[in-house]
Amino acid sequence: MGARAYGVGAKTFFDNIDPNVEGAQKEEPTKQVLVLVTSDRGLCGAVHTSIVKEAKNILNNVGNKDVRVVAIGDKARVGLQRLYGKSLLVSGNEIGRAPPTFADASIAAKAILDAGFDFETVNILYFTTTTMRSAELNAMRFSFWFPNYFTSR
């Protein structure tokens with residue numbers, strides 16, 4: 001029996017939802033969080049390098065947006081610290097030593113919400129394994145209709 005990727009249904013739902021009224025002009029969110037999911041281990045160097053490279057590409061082309069970076073795993077933090085250290089919002093290490101759990105994701109989400117940055121959109125960059133020898137970079141975007149709801153106390 002084959003395994004099914006977790007979260008595919010939720011991703012499809014969020015990809016197809018449009019909170020704006022038809023005919024209304026869409027505003028591009030100005031405050032964004034970019035979450036980079038890597039690990040502390042160096043066994044998959046090309047994976048970490050690709051995520052950091054894509055993050056640098058995004059940060060080089062932000063324009064007038066305020067984009068902050070959340071580095072999950074030391075490889076992302078180290079790759080961005082020199083050039084984009086001021087953009088780092090939260091970083092975590094000791095990641096990837098054990099399989100991730102919902103509790104780990106909850107800790108990361110709470111750290112992002114407690115950082116005090118009122119964001120409107122979250123972009124997550126991560127890799128998924130396609131075969132035993134290859135993986136592909138994925139991006140997931142979440143927009144919040146009530147951005148202050150998540151960060152106000």
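User: What should I know about the model before reading values from it?

Analyst: It is a predicted model, in which local features need pLDDT of at least 70 and side-chain atom pairs count only at pLDDT 80 or more, while totals for chains, interfaces and linings use all residues. Residues are numbered from 1 along each chain as its sequence is written, and side-chain values use heavy atoms, with hydrogens and water left out.

User: In what order do the strands of the open sheet stand?

Analyst: The order is β3-β2-β1-β4-β5, with 5 strands and mixed pairing. Strands here are DSSP runs of E with at least two residues, helices are runs of H or I with at least four, and both are numbered from the N terminus. Two strands pair if DSSP finds at least two bridges between them.

User: Why are β3 and β5 said to stand at the edges?

Analyst: β3 (88-92) and β5 (134-143) each have a single partner strand, so one side of each has no neighbour in the sheet. From one strand to the next, the twist averages 20°.

User: What makes β2 and β3 a pair?

Analyst: Residues 66-72 form β2, which is joined to β3 by 4 bridges in the parallel sense. The definition asks for at least two bridges, so the strands count as paired. Within this pair, Val70 stands opposite Val90 of β3.

User: Which strands does helix α3 touch?

Analyst: Helix α3 (residues 74-84) packs on the sheet and touches β1 (31-37), β2 and β3. Contact means heavy atoms within 4.5 Å. The direction of α3 makes about 150° with that of β3; such angles run from 0 to 180 degrees between N-to-C directions, with axes fitted to C-alpha atoms, for helices over the stretch in contact.

User: Why is the contact between Asp74 and Arg77 called a salt bridge?

Analyst: The closest N and O atoms of Asp74 and Arg77 are 3.1 Å apart. A salt bridge needs a side-chain nitrogen of Lys or Arg within 4 Å of a carboxyl oxygen of Asp or Glu, so this pair qualifies. Both residues lie in helix α3, 3 residues apart, and are therefore separated by about one helical turn.

User: How many salt bridges are found in the whole structure?

Analyst: The search finds 3. Among them are Asp66 with Arg68 at 3.1 Å, N to O, and Lys110 with Asp114 at 2.7 Å.

User: Why is Asp114 called partly exposed?

Analyst: Asp114 has a relative accessible area of 41%. Buried means under 20%, exposed over 50% and partly exposed in between (1.4 Å probe, protein chains only), so Asp114 falls in the middle class. Asp66, at 26%, is also partly exposed.
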